[in-house]
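Who is paired with whom, and who is left over?

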Amino acid sequence: TDPNTIVVYIHTKGSLHAKIENHRWRSVLTEASLKDSCILSLGEKCNACGLQFYPIWIPMFPGNMFTATCGYVRQLMSLEKHGQKMQDIVTTVRSKRHVWQTKAYAWQKDSLGIDRWSREAWIASHPSIRPCDLAQNVTFIAPYVDFNRIMELVNATKAEPAPRIAPDQGEWYRRKIEEVQNAAKQPALQRPHEYFLLPGTLYRFYSLYGRFPPHDSWIWKWFPHGMEWRLKVEEMINDATTRQERLEDVLW
């Protein structure tokens with residue numbers, strides 16, 4: 001398959017429960033994924049696009065509808081393998097409470113991206129993810145938010161690289177802002193690491209694919225302490241002694 005070929009994923013979101021909110025949510029997610037602006041954003045700028053990209057709690061497009069390049073999608077492991085690995089990661093994190101804390105979001109299946117929610121976490125699970133979305137500076141879009149306002153946003157907006165609002169600003173859904181702010185004040189690389197912020201994101205990338213984001217990734221710029229983590233990761237990768245050990249044990 002040509003890596004520049006575009007694939008669109010849409011589905012019957014919310015149809016199990018016939019509510020007007022779910023019908024509207026499904027409509028706006030579909031409209032966003034099929035929007036010319038979203039499709040045309042793919043290439044040099046982005047490799048996946050949807051209504052809104054969430055960098056936390058688990059990187060994803062809420063509602064799980066998107067358009068993406070085949071070149072990006074073919075790097076992803078199967079849905080089944082991803083689901084099992086996500087469960088393994090969560091089990092490991094839970095067993096290492098001296099290494100990890102989970103204060104920024106509640107410890108529950110949807111926040112952790114396990115069980116059926118692993119499918120929503122799949123598309124943005126690779127460290128090379130370069131997302132675009134139509135959300136502008138809006139950080140909270142949900143089925144019960146004003147439908148007309150959301151449709152105006154979709155129709156008037158040009159897809160742009162995301163995210164654009166810092167993790168300690170805006171109204172990121174379910175985020176515990178005080179905990180995010182506290183994590184940002186904590187010295188970089190100090191344990192326990194916040195699983196729902198950059199340390200956990202890097203740990204998932206490495207556990208899933210054995211790789212970290214590229215040097216110029218948005219991830220290093222958006223998360224608190226991103227530059228410190230990037231330098232540490234690159235130092236560990238280039239160190240011969242580290243390569244002979246388990247990198248995850250040295251880094252985390």
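Buried here means under 20% relative accessible area, exposed means over 50%, and partly exposed is in between (1.4 Å probe, protein chains only). This is a predicted model, where local features need pLDDT of at least 70, side-chain atom pairs count only at pLDDT 80 or more, and totals for chains, interfaces and linings use all residues. Residues are numbered from 1 along each chain as its sequence is written, and side-chain values use heavy atoms, with hydrogens and water left out.

Count a disulfide as a pair of cysteine sulfur atoms within 2.5 Å, and you get two of them.

| Pair | S to S | Torsion about S-S |
|---|---|---|
| Cys 38 and Cys 49 | 1.9 Å | about -95 degrees |
| Cys 46 and Cys 132 | 2.0 Å | about 60 degrees |

Going by its torsion, the Cys 38 to Cys 49 bond is left-handed. Cys 38 sits in helix H2 (residues 36–40) and Cys 49 in strand E2 (residues 48–50), so this bond ties together parts 11 residues apart in sequence. Helices (H or I, at least four residues) and strands (E, at least two) are DSSP runs, numbered from the N terminus. Both Cys 38 and Cys 49 are buried.

The Cys 46 to Cys 132 bond is right-handed. Here distant parts of the chain get linked: Cys 46 is in the loop between H2 and E2, while Cys 132 is in strand E5 (residues 131–133), 86 residues apart. Cys 46 and Cys 132 are buried too.

Number the bonded cysteines in sequence order and the pairing reads 1-3, 2-4. That leaves Cys 70, which is in no disulfide; its nearest cysteine sulfur belongs to Cys 38, 15 Å away. With 17% relative accessibility, Cys 70 counts as buried.
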